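Work through the exercises below with the sequence and the model open. Try each task before reading its solution.

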Amino acid sequence: MWLLETTSLALSAFLGDDTPHYAILSHTWGPEEVSFQDIRGPGMHEKISHRAGYKKIIDCCIIAREVGFKYVWIDTCCIDKTNSTELSEAINSMFSWYKNAATCYAYLEDVKPDGPLFVGSRWFTRGWTLQELIAPADVVFFDCYWNEIGSRQSLRYTIEQVIGIPEPVLMNGSLRKHCIAEIMSWAAGRKTTRLEDRAYSLLGLFGVSMPLIYGEGENAFLRLQLEIMKITTDHSLLAWTALPSNQGKKRGALATSVDEFSQSSRIRSFPVLNESSFEMTNLGLRITLPCICKRTQDNQRILFARLNCKFADKDGPVGIWLNEAASEGQPLGRFARAYLDTMPEDRGLWKKKAKSTLLYIIQPFFLTSPQPEISYARQPCTLDFSDLIEAGYLLEAYTTQERDQPILQREECKIDFFQNAFFNRPKIVFFKHPDRATRIWVTLCRPSFERKLWMMVDSDFDLNQTPEAISKDCPLESKNRRWDRGEFVDHTMVTTLCNGDTVKVTSRRAMLADKIGILAKIAIFDRRWDPYLDLNTEKHPVPLRNFLDSFELDEDGSFGDITEVLLQDVRSNSGHAP
């Protein structure tokens, strides 16, 4: 490890038993920290002397030097974070480095002498500072001016009341009498800059090591649980409760976030017999537990599997509810977690005799956290008709409804459709060319959970017929085969109009109103000048009537109300000549 001399601020490397006594700093990072390269570079001290992080290092060295320490360790400048091997070694060794330090200085830069209680500091909300509070033999707290507040031992009752870590742990730092679920509960709600560090900051607390894979996200916490499982038979690893956002979903044996242990602070473990050991296999978590069978109203079998745990403050068994997985109606003999709590409400169930059962609890995708269901119906769409305006066409009308009204952007010649207004019923937009006596109307929609945009372009020469009449003549009914000419647009769709013009429609994913949506563009073009258009591509029309059950329709099967547009307004505001 690298240690910083308190007098010269020079870095020195030490290995094993050659490491001298040292003090260690615990703090929260700010925007002007000093790195390993900053502190080692020749002539760098003058360049970085104005930084707040440099002043913090100087003050820490002064405090340590006053009580006789020649060396200190500070995470900002004593780890070469550009070296992935050294960074991995440092993180896996961090707990032992804090444990082996002669003393730890906890610098609370947001605590002032006349300010609120010190336990309100940001330091108590960060992920890394949990092990920095527990591991050292001695922790001394300082305020923003380096005035001593007190020690961990002297302040243990206040810390216990606010943070929830038991007083004996704060007194001697021993975790032997505390189960996995309880320790996890102390980390719930704490934050780290990198998501993976929420798991990596707990390695030392459970005495495990593992490779660092930044970018793996929540999988880091799943890997942490698998490593813990290799060295313990503590069933409280399974005594977590799903977050409200995950309630009602079938889950695996392991939690996806340390926050799911937030309600486990009162869990306690019993001694575990050899036959109650467990391990992860390719079929899921293999474990033998006493189980009680319960039938649901639809005669589905649900098991309550008791864990070797209890509650510290109330009676009743601690366990997990399991649903038997099935394929094509046939049970697989494997189970998934359901009813994601750890205690049955039915007190009669407590007294029933449990039968020892060998279980395989599926861990969905093993090291992949459950993916949220994506509803593409929540994404907006914009229709860009600026090229039609340049070709002499005018926006005539479009369908609307009372809520989430479409927005007409006159200057940019676009219509924005939002969520319910666009996706709960198909929309129809009318254009006409006064000089060529041609009307075009575009129907567009997207059924729920469909990535692509369904579109159809139609035309006629009858300008005397109103848009309202056209929409009434084309009801959205399953028997109306007019809509069989539409198709889902992967990228480009080409249609020939009644007057011989060719219309090209493109559909692209885009950022619309700070959301990912679809930008559809309609244009008149000459086929001869589009070298990328494959004219031999076979069309595969998809009848809109196949998807009518996905939409909210009026009782008469129409598109809804029609909004007439002042034709000259759109053309003049768009900047195009009339």
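**Exercise 1. The largest pocket**

The largest pocket holds about 560 Å³ of space. This is a predicted model: local features need pLDDT of at least 70, side-chain atom pairs count only at pLDDT 80 or more, and totals for chains, interfaces and linings use all residues. Residues are numbered from 1 along each chain as its sequence is written, and side-chain values use heavy atoms, with hydrogens and water left out.

Task: Which residues are closest to the centre of the largest pocket, and which elements give two or more residues to its lining?

Solution. 
- Step 1. On a 1 Å grid over the protein atoms alone, a pocket is an open set of points where a 1.4 Å probe fits, with protein on both sides within 12 Å along at least five of seven lines; lining residues have an atom within 4 Å of a point. Grid points are joined across faces, edges and corners, and the volume is the space filled by probe spheres set on the points.
- Step 2. Find the centre. The lining has 20 residues, and the closest to the centre are Trp 29, Asp 75, Trp 128, Thr 193 and Asp 197.
- Step 3. Assign elements. Helix 4 (84–100) and helix 5 (129–134) each give two or more residues to the lining. Helix 4 gives the most, with three residues. Helices (H or I, at least four residues) and strands (E, at least two) are DSSP runs, numbered from the N terminus.
- Step 4. Sort by class. The lining has seven nonpolar, five polar and eight charged residues. Ala, Val, Leu, Ile, Met, Phe, Trp, Tyr, Cys and Pro count as nonpolar, Asp, Glu, Lys and Arg as charged, and the others, Gly among them, as polar.

**Exercise 2. Aromatic pairs**

Task: Classify the ring pairs Phe 14 with Tyr 71 and Phe 430 with Trp 441.

Solution. 
- Step 1. Set the rule. Rings of Phe, Tyr and Trp (its six-membered ring) pair if their centres lie within 6.5 Å; planes under 30 degrees apart count as stacked, over 60 as edge-to-face and the rest as tilted. This rule gives 17 aromatic pairs.
- Step 2. Take Phe 14 and Tyr 71. Their ring centres are 5.2 Å apart and their planes stand at 75°, so the pair is edge-to-face.
- Step 3. Phe 14 is in the loop between strand 2 (11–13) and strand 3 (23–26), and Tyr 71 is in strand 4 (residues 71–73), so the pair ties together parts that are 57 residues apart in sequence.
- Step 4. Check burial (buried is under 20% relative accessible area, exposed over 50%, partly exposed in between, with a 1.4 Å probe and protein chains only). Phe 14 is buried at 16% relative accessibility. Tyr 71 is buried too, at 10%.
- Step 5. Take Phe 430 and Trp 441. Their ring centres are 6.2 Å apart and their planes stand at 40°, so the pair is tilted.
- Step 6. Phe 430 is in strand 20 (residues 427–433) and Trp 441 in strand 21 (residues 438–445), so the pair ties together parts that are 11 residues apart in sequence. Both Phe 430 and Trp 441 are buried.

**Exercise 3. Buried charged residues**

Task: What do the side chains of Arg 223 and Glu 260 contact?

Solution. 
- Step 1. Set the rule. A polar contact is a pair of N or O atoms within 3.5 Å; within protein, one must be able to donate a hydrogen and the other to accept it, and residues adjacent in sequence count only if both atoms are side-chain atoms.
- Step 2. Take Arg 223. It lies in helix 11 (residues 219–229) and is buried at 13% relative accessibility. Its side chain reaches the backbone oxygen of Pro 211 at 2.8 Å.
- Step 3. Take Glu 260. It lies in the loop between helix 11 and strand 8 (267–269) and is buried at 1% relative accessibility.
- Step 4. List the contacts of Glu 260. Its side chain joins that of Arg 251 in a polar contact of 2.9 Å. A polar atom of the Glu 260 side chain also lies 3.0 Å from the backbone nitrogen of Thr 256.

**Exercise 4. Positive phi**

Task: Is Leu 9 buried or exposed, and where is Ala 437?

Solution. 
- Step 1. Recall the background. Most residues other than glycine have a negative phi.
- Step 2. Take Leu 9. Its phi is positive, about 60°, although it is not a glycine. Leu 9 sits in the loop between strand 1 (2–5) and strand 2, and is buried at 8% relative accessible area.
- Step 3. Take Ala 437. Its phi is positive, about 50°. Ala 437 sits in the loop between strand 20 and strand 21, and is partly exposed at 30% relative accessibility.
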